[in-house]
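This briefing is for a reader who is meeting the structure for the first time.

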Amino acid sequence: MVNGESTFLKLVVSHRNAFKAHAFRATRGILMVIKRALITGITGQDGPYLAQLLLNKGYRVFGTYRRVSTPNFWRLQQLGIVNRVTLIPADLGDMASLLEAVTISNPDEIYNLAAQSFVGNSFDQPLLTTDIDASGATRFLEIIRHLNKKIKFYQASTSELFGASIENPQHEKTDMLPNSPYAAAKLHSFHMVRIYRESYGMFACNGILFNHESPLRGLEFVTRKISNSVARIKLGLQSELRLGNIYAYRDWGFAPDYVYAMWRMMQQPKADDFVIATGESHSVAEFVEEAFSHVGLDWKKYVVTDQRLHRPLDVHQLCGSPKKATAAFGWKPKVTFKQLVKIMVDADFDRWQQYIAGKSFPWDAPNYSHEMDILSRNVVRDAQKEAAKKPKKTVTQKILQVLNGNARV
Ligand code: NAP
Ligand code: F7E
C-alpha cells in the first residue's frame, strides 16, 4: 500500500460514527432488518444480475460506478432496475472513493465485482490491471479491517487462476498457474482474501467462477462477439466473423445461475472458497458451430481466423468441478451449453431486428467500433509489417540501427 493510503486509513476510524442505524421492514408481522449490500462494478455483466437478485430478496442495494464522461447504465436499464439501486461513484484505484462508498452504504455484504476483466487487454495494460485487480481487493479488506470487521466480503476470483494447470477437472485444490497479467493479479487478491480471513477472522470468501455468459456480456468477450456477429450475419448486416484461437476450451455457464452462487456463498455459516462451474468444456469452434447452426447457417462460410486476435499466451483448457459448492449449499447450474448459445443468439437477433424496425432502447452494440481498428497491439504490428515491406533503408534508419547497436558500420 502506498504511503498516502495508509495515512488515509487512519482517518477511517473517524468515519465510524457516520454509520447509520439499519432500517427495518415488516414481513408477516415480524420486524426484519433490511440487509444492505454494496456491489462494485454494478455496470458490468454480473453486477446488474446480482443487484436484481438482491432487490428481489429485499436488500437495499448500493452500486459503485466509474464517473466517466459517458455513463454506462444500459444493463441496469435493460433489467429495469436503474432507479432501484443507489449509485455511488468510486474507482478501485482510489482509496478515498472506496472508503466513501463503504461509509455511505454501511453494508452488511460487499460484493467486489469491479475489475479490468478482459484477459487480452491485461497484456496491453499489465500495470493498470495489477493495480485494480490485485490491490483493489486489498483496499477493501483494509477498509473492512479498520471500519467494521462484521462486513462480509465476496471477491470475484476466477478459473483463470488455473491457467496452465493440467489437472482436469479443476477444483479448489488444483495448482494455480496463472497465464496472464489478469490471472496473476487475481491470484494476488485470491490469497489476500484468504490471508485476511485467517489473520483477522473476517468473513471473506473467493468465488472461483468459471466463464459465465449472458445477453449482458461485454462485446469484447468471445461468446457475445459470436452471438452478436451471428445475428448481424443472418440479417445481412455483416459478412464475416474474425476470431483468434478457436481451439481454446472453456467451461461456459449462464451468468444469473452464477450470481445466485455468489449470494449463497455469502450466506454460509463460515467463509470459504468455492469453484462454480458446469463441469462441461467446449471449444470456441463448438460455440461458433452451435450459434451458426441455430440460425440455419454453415459457420465455415463466414469464420476467418486472424493471428492478430491470438493472445501472447492463452489458457487452452478449462473445466471445473463444482462438487464442493453442490455439497455445501446445493448449487447446480440450470442452463445447459446449448440453451446458453440459444439465449444469447436469440437476444442479439431480437435486438438487431428491433433496431432495423427503428426502435430505440439501451444497448451497447450499435455504438461499438470495429474491433480490429481499436486494438493498439494490432496498430503497432501493422506498422511493423509495413516497415518490413520497404526494400531499402533510408540513411537515417541505417544510422539509427548503428546507434542502437543492431548493425556493424
Ligand atoms: P465486466 O462486465 O467486465 O464488468 C466489470 C465492472 O468493473 C464494470 O462495471 C466496470 O465499469 C468496472 N470497473 C472496471 N475498472 C474499474 C475501476 N478501476 N474502478 C471501478 N470499477 C471498475 O465483468 P463481469 O463479467 O461482470 O465480471 C465480474 C467480476 O467477475 C470481474 O471481477 C471479473 O474479473 C470476474 N469474473 C468474471 C467471469 C466471467 O466469466 N464473467 C468469470 C470469473 C471471474 P465500467 O462499466 O465503467 O467499465
Ligand atoms: O476468451 C479465445 C480466447 O475473452 C475465451 C473473462 O470474463 O472468463 C473471461 O476470460 C477464449 C480465449 O474470455 C477470440 O483466446 C478466440 O481462449 O471470451 P474470452 P476469457 O479470456 O476466458 C474468465 C473466467 C475471466 O475471469 C475473465 O474476466 O476465446 N478467443 N477468438 C477469443 N477471445 C476473444 N475475446 N475474442 C476473439 O476474437
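N106 sits in the loop between α5 (95-105) and β6 (109-112); helices (H or I, at least four residues) and strands (E, at least two) are DSSP runs, numbered from the N terminus. This is a predicted model, in which local features need pLDDT of at least 70, side-chain atom pairs count only at pLDDT 80 or more, and totals for chains, interfaces and linings use all residues. Residues are numbered from 1 along each chain as its sequence is written, while chains are lettered from A and ligands numbered from 1 in the order in which they are written.

**Overall make-up**

- The protein has 16 helices and 15 strands.
- Of its 409 residues, 40% count as buried. A residue is buried if 20 or more other C-beta atoms lie within 10 Å of its own, exposed if 12 or fewer, and partly exposed in between, with C-beta atoms placed from the backbone.
- Among contacts with a separation of 6 or more, 77% are between residues 24 or more positions apart. Two residues are in contact if their C-beta atoms, placed from the backbone, lie within 7 Å.

**Backbone exceptions**

- Most residues other than glycine have a negative phi, and most peptide bonds are trans.
- N106 is not a glycine, yet its phi is positive, at about 45 degrees.
- N106 counts as partly exposed because it has 18 C-beta neighbours inside 10 Å.
- The peptide bond between N168 and P169 is cis, with omega about 0 degrees.
- P169 belongs to the loop that runs between β7 (152-158) and α8 (181-200).

**Surroundings of ligand 1**

- Ligand 1 is surrounded by 24 residues, and the closest are G41, G44, A114, A115 and A156. A residue is near a molecule or strand if its C-beta atom, placed from the backbone, lies within 6 Å of it.
- At least two residues of this shell come from each of α3 (46-56) and β7.
- The shell around ligand 1 contains seven nonpolar, 14 polar and three charged residues. Ala, Val, Leu, Ile, Met, Phe, Trp, Tyr, Cys and Pro count as nonpolar, Asp, Glu, Lys and Arg as charged, and the others, Gly among them, as polar.

**Surroundings of ligand 2**

- Around ligand 2 there are 23 residues, of which S117, T158, V222, G244 and A248 are the closest.
- Two or more residues of the shell are given by α6 (119-124) and by α9.
- Helix α9 provides the largest share of the shell around ligand 2, three residues.
- By class, the shell around ligand 2 has nine nonpolar, eight polar and six charged residues.

**Packing of α9 against α13**

- Helix α9 (residues 222-234) packs on helix α13 (residues 337-356) at an angle of about 50 degrees, and their axes are 8 Å apart. Axes are lines fitted to C-alpha atoms, for helices over the stretch in contact, and angles run from 0 to 180 degrees between N-to-C directions.
- The two helices, α9 and α13, are therefore oblique to each other. Angles under 35 degrees count as roughly parallel, over 145 as roughly antiparallel, 65 to 115 as roughly perpendicular and the rest as oblique.
- On the α9 side, T223, R224, S227, N228, V230, A231, R232 and K234 meet M344, V345, D348, F349 and W352 of α13.
- The contact of α9 with α13 is made up of six nonpolar, three polar and four charged residues.

**Packing of α9 against α11**

- Between α9 and helix α11 (residues 284-294) the packing angle is about 25 degrees, and the axes are 10 Å apart.
- Helices α9 and α11 are therefore roughly parallel to each other.
- V222, T223, I226, S227 and V230 of α9 meet V284, F287, V288, A291 and F292 of α11.
- This contact of α9 with α11 has eight nonpolar, two polar and no charged residues.

**Two loop prolines**

- P362 lies in the loop between α13 and α14 (371-374).
- P362 is exposed because 12 other C-beta atoms lie within 10 Å.
- Not counting residues up to four places away in sequence, P362 touches W74, Q77 and Q78.
- P333 lies in the loop between α12 (323-329) and α13.
- P333 counts as buried because it has 24 C-beta neighbours inside 10 Å.
- P333 touches G253, F254, D257 and T278, not counting residues up to four places away in sequence.
- The C-alpha atoms of P333 and P256 are 9.6 Å apart in space, although the two are 77 residues apart in sequence.
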